[in-house]
Amino acid sequence: MRYLTKKHLSRRTLLRGAGVALGLPLLESMIPAAMRRAWAAGMPPKRVAFMYLAHGAVMDRWLPSGTSGDLVLGPTMQSLGSWRNRLSIVSGLRLPAAYVGEQTAGANHTRASRCWLTCAPLETGASPTSADQAAAAHIGQDTPLPSLELALESGESIAYRTPTTPLPMETNPRVVFERLFGDGSTPGERAARQRQFASLLDAVAGEVAPLQRSLPAADRARLDRYLTDIRELERRLALAGDSTLAELDVPDKPNGIPADFEEHANLMFDLLAVAWQADLTRVATLLLARELSNRVYPRSGITEGFHNCSHHSGVPANIDRLARLNEYHTRATIASLLQKLASTPDGDGNLLDHVLVVYGSGLSNANQHDHDPLPMIVAGGAGGVRGGRHVAVPEGTPAANLLLGVLQKLDVPVTSFADSTGVVEI
Amino acid sequence: MRRWPIAAGITFAALAVGVVVVDLPWLAGAGRGEVLGRYCVECHNDLERAGDVSFESLDREDLGGHADVWEAAVRKLRTGLMPPLGEPRPDRAVLDAFAASLEAGLDDAWARAPNPGTRPLARLNRTEYANAIRDLLAYDASAIAGTLPPDATVAGFDNNAEGLSVSPTLLEGYATAAMQISRRAVGDRTMGHGETRYTATPGAAQRLAVDGLPLGTRGGLAVQHNFPLDATYEFVVSAAIPAAGWDNPTGALVYCDGPQVDVTFNGAPVAVENPRRFRLRVPAGPQRITVALLDDRRCSGVNELYQGEVALGGAVQALTIDGPFDATDAGDTPSRREIFRCRPASSADELVCVEQILSRLATRAYRRPVGAGSAELAQLKRFYASGREEGGDFEAGIQYALSRLLVDPRFLYRFEREPDDVAVGAVYAIDGYELASRLSFFLWSSIPDDELLALAADGRLDEPAVLAAQVDRMLADARASALVENFASQWLLLRELDTVVPQDPDFDDGLRAAMRQETEMLFTDLIREPRSVLALLDADYTYLNERLAAHYGVPGIRGSQMRRVEWPEASPRRGILGHASVLTATSAPNRTSPVKRGQWLMQSLLGAKIPRPPPGAEADLSAEASKSAGLVGDTVRARLELHRASPNCAGCHGIMDPLGLSLENFDLLGRWRDSEDGHAIDAAARMVDGTALSGPQDLREALLARSDAFVSTFAERLMTYAMGRELTAADMPVVRGVVRAAAADDNTLRALVQAIVASDSFQKRVKTGDAPVPN
């Protein structure tokens, strides 16, 4: 046995009684002690998350005023005050790829999120195409899950394994939980199920070749993808076998998707934090709101749907309303996540010290469907990144320059990314 | 005064039978050129290529060479989108005759070189997966299937092969589901306990008696729970129950000790010491459990007495079932009866019984014979052996083999093989088993049953009379409700209705459910009764319960059961255009959207393809926005007129908005209204062909007058769903054939289904061999 299995926490304490809303605040105590010690001695690995929020922002209230220098947060960003020194805001970026293609409203929205991390016109570009997957290809290969794709509402993915293969994003915390911790209630059961799982994959992989015969080429290609995916799962399974997964003391599962946006968001943030802490994955994408979403956020006090709200038509009252929603989203998402990360011990410090969180949108002024200047934040201290800065880049600088900067801070050996023309130093 | 007297006569005939297939000498070839030259080529020429289309150098005799361009032209003409507003436009009759002539030319070209296309390899979607498990194992796996990643919707449906790709995450989900389902269906005594939480409908529903719950109770919920083993289970009822002395807003003191929770098990009351948390021994299998609050103050079930009553204290919020604990046996469940058709009496029997069980399950799961001695059976037997070793008994072996079967590509994918002895490019008939699968996935969203497989084995399924009889049998089967749940619910926006959040205090889940049921029940009648599909536009009846009736202002309907209600001749509620479901799903969260309504009507009911607006063209139509902009528009309509005045917008909005505007008397939840914010509703509008509309009744009449467009669109949507792929220009002659066949049989849904099943597209494929992969 590699690690002590200790029942740190009653299986019943977590979600019983108060319902899902409790979240998983104590999950940290369920991480095997030995794992934390290992990182305390050395340096915890670098991790990254990319968080997407649809419909841009009211930019003049979102961006810091003035040019590069010390960060002075804009009016809708005040809830980030406590984290001012842990984040930088990058202004002036543009998403050129999102301008390529059909010039219609719907297409513009769709491309804003689909190109945000690929920086390539739809269905073009190298493989892997999205920045998170480029990161996963380097820093995600030693963990059971190369990357984790999460969403707070179903919508088109922002993560692309290849130009035409979006990775499905999971909205259900319970399913995320099972992916992270597996199914089964005792270590023995989990081990037996893992064996069964492995032999299933192995057997099915052997079945594909004979089935290929007498299929047309197009269908053979589809079946090939199935086989590739089986091989990938087998590889991950081998990693999971080496990890502490089987020895983790697994808490009770969340019961489903909370109706309340903030509860849902916090549950996902908790799961992300524990996945990072237990080194189950190092790369994550999180869709906070999808493009064209008309979701209403009751706790923001605004009754208009998000997409409608973003079309403010330049009317002052409507701009105020959208700004209020921006303020709410900042508080309920990025500020809340940073709080969670900063209060989660990791190695010699806390999680925020060892991660990078890129937060932003592929739209700027959504009323006009502009893809510049983009709202973009980089938070966290992985790779020696320091915050507290406003980084104003020349107008029209490709967003890929920032993503390249982030990838380099994560030690991904790349000198260019998509349409990058240089590196934004963060 | 008509310039084309011949055309007028022909068109009259066309409207009577649906679609014209007549060759008009004066319109063929050179005649087509005349209309094209006069009304189309001014923009669609090689130089200008408006919309990237030019007719200038196309062959006007043989249309087959550019079928896609001509089919697009037919669609524009048939839906009135071309010639554009403001440009010279001949009489409707001339345009119809011209479209008919193009259709005839296209059908003719198709008949000379039929092209049924292919059906791309697709995996089962979540719904099909859950239904297949239900039919294979008599086990309800919808909860487990619900944890698989959602399927993408392409061309309006989630069974489209293009949307059904795989990913490691999805495969992991399938493998995990296979293990969970096989354990639960077999009844694994080593399984750990787990919780399932059922949430009660919040809000007003908790103050009323719920249908199917005992008399004398209010609120609560009834669930059908699959208990995996004969065991003890813990039940926790979460309820907000006021403390003693709770004071209601009227000042009267009620419920000194809080209301009692009433629990029933399979209909019988259960006496438990603490009804908020208790344990019961439960036999394995699906059982029905209900919890509700005792209501000793009023006559239950008579909602009238609740009118005007302030909120009563207390409500059931959720029921959590945890277990199994202290399991004694796997019990006698439907899934075990389905799986264990035999039991080995001795070890000598064992293999015989194992083969019998597995070959039967595999034949049904893989949808073709898996006999003794086959490689497929050998695979499953190997898994049986390792499961038997790991788990120690016969049942553990079957469970292992079952998990193997459920991840097999033959189960997860719908294979259609290309025969070796057919040349690439040639058309061939798919085999009987493939036909059986196409049928069952089309009509049942599930695997074929034994009867279909037996007919496929006998080689008789493709005999027209046998096939037609099977279609009738399948439509009469309860599983045909899949057409409502999957086809109609996607086509008629009922899935959108599930997720909309109207900002209106009257809206809650009870109303949402009633709205949905109304439309589902009307559609179900199309399956059950020989009734024209035009009933969707003008049915003289509907289904209402108390909640929905109150919503519609229909008096005298009591209770939560939906029942049939007749509409008067002139009622604006006739047909789905008066259904609150559709009207709510096509509204914005805080107002009506005539644009959305008009667009949906044009696209989904009339078959138009409308381009999206150019960037920056959207306008904010909310009252808040107009007020702060100082605009004079006080109603949605007035604000919309402002935006339609722009020439950029009028091209499309001038065509679709009138349809939506004529529905303005229906508010964002589909309630009737005569005024909005103190301004009288003006539902007058003029359609692109000049027809004046003054409200929903006129719109219905106008749609009925062009019922061919509606029936064609219905056929097109149904065929898209049946094929699981987007239709192409090569499919449109087949669609027209389906419409003609259905027209001869009163346009019933049965006739449309029969004609689709009888078509080449459904029964044949083109061999593509090693042709390069599209996209």
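Is Asp677(B) buried or exposed? Hold that one for a moment. This is a predicted model. Let me start with the two chains, then come back to the aspartate.

Chain A first. Chain A has 426 residues, and 63% of them are buried. Its secondary structure comes to eleven helices and twelve strands. The accessible surface is about 14300 Å², with 52% of that from carbon and sulfur atoms. Now look at contacts in chain A with a separation of 6 or more. Of these, 72% join residues 24 or more positions apart.

Now chain B. Here we have 775 residues, with 58% counted as buried. There are 30 helices and 18 strands. Chain B exposes about 30400 Å², and carbon and sulfur atoms hold 53% of that surface. For contacts in chain B with a separation of 6 or more, residues 24 or more positions apart account for 72%.

Back to the opening question. Asp677(B) is exposed, because its relative accessible area is 58% and the cut-off for exposed is over 50%. Find Asp677(B) in the loop between strand 14 (675-676) and strand 15 (679-680) of chain B. Its phi is near 50°, a positive value in a residue other than glycine. For background, most residues other than glycine have a negative phi.

There is another aspartate to show you. Asp746(B) has a positive phi too, near 60°. Its loop runs between helix 28 (732-743) and helix 29 (749-758) of chain B. Asp746(B) is partly exposed, with a relative accessible area of 48%.

Next, two prolines. Most peptide bonds are trans. The bond from Asp372(A) to Pro373(A) is cis, with omega near -10°. Pro373(A) sits in the loop between strand 10 (355-360) and strand 11 (376-379) of chain A. In chain B, the bond from Gly323(B) to Pro324(B) is also cis, with omega near 0°. Pro324(B) belongs to strand 9, residues 315-329, of chain B.

On to helix packing. Please turn to helix 16 of chain B, residues 481-491. How many of its eleven residues are buried? Nine are, so helix 16 of chain B is largely enclosed by the rest of the structure. Among the buried ones are Val484(B), Ala488(B), Ser489(B) and Gln490(B).

What does helix 16 of chain B pack against? One partner is helix 27 of chain B, residues 707-723. The axes come within 11 Å and cross at roughly 120°. That angle makes helix 16 of chain B oblique to helix 27 of chain B. The crossing is right-handed. From helix 16 of chain B, the contact uses Ala482(B), Leu483(B), Asn486(B), Phe487(B) and Trp491(B). Helix 27 of chain B answers with Phe710(B), Phe714(B), Arg717(B), Leu718(B) and Tyr721(B). By class, that contact has eight nonpolar residues, one polar and one charged. Look back at the helix 16 side: Ala482(B), Leu483(B), Asn486(B), Phe487(B) and Trp491(B) are on the buried list as well.

Now a second pair. Helix 5 of chain B, residues 126-137, packs with helix 9 of chain B, residues 347-366. Their axes are 10 Å apart, at an angle of about 150°. That makes helix 5 of chain B roughly antiparallel to helix 9 of chain B, because an angle over 145 degrees counts that way. This crossing is right-handed too. Asp135(B), Leu136(B) and Leu137(B) make the contact from helix 5 of chain B. Leu361(B), Arg364(B) and Ala365(B) meet them from helix 9 of chain B. The classes here are four nonpolar, no polar and two charged.

Last stop: one methionine. Met515(B) lies in helix 18 of chain B, residues 509-528. Its relative accessibility is 0%, so Met515(B) counts as buried. Which residues does Met515(B) touch, leaving out those up to four places away in sequence? They are Leu497(B), Phe507(B), Leu548(B), His551(B), Ala580(B), Ser581(B), Thr584(B) and Leu669(B). Take Ala580(B) from that list. Met515(B) and Ala580(B) are 65 residues apart along the chain, yet their C-alpha atoms are separated by 5.9 Å.

That's the tour. Thanks.

Note on methods: Residues numbered from 1 in each chain as written. Chains lettered and ligands numbered in written order. Predicted model: local features only at pLDDT ≥ 70, side-chain atom pairs only at ≥ 80, totals over all residues. Heavy atoms only, no water. Helix = DSSP H or I, 4+ residues; strand = E, 2+ residues; numbered from the N terminus. Buried < 20%, exposed > 50% of the residue type's maximum accessible area, 1.4 Å probe, protein only. Contact = heavy atoms within 4.5 Å. Areas by Shrake-Rupley, 256 points an atom, 1.4 Å probe, with all protein chains shown as cover. Axes fitted to C-alpha atoms, helices over the stretch in contact; angles between N-to-C directions. Parallel < 35°, antiparallel > 145°, perpendicular 65-115°, else oblique. Left-handed = near helix turned anticlockwise from the far one by under 90°. Nonpolar A, V, L, I, M, F, W, Y, C, P; charged D, E, K, R; others polar.
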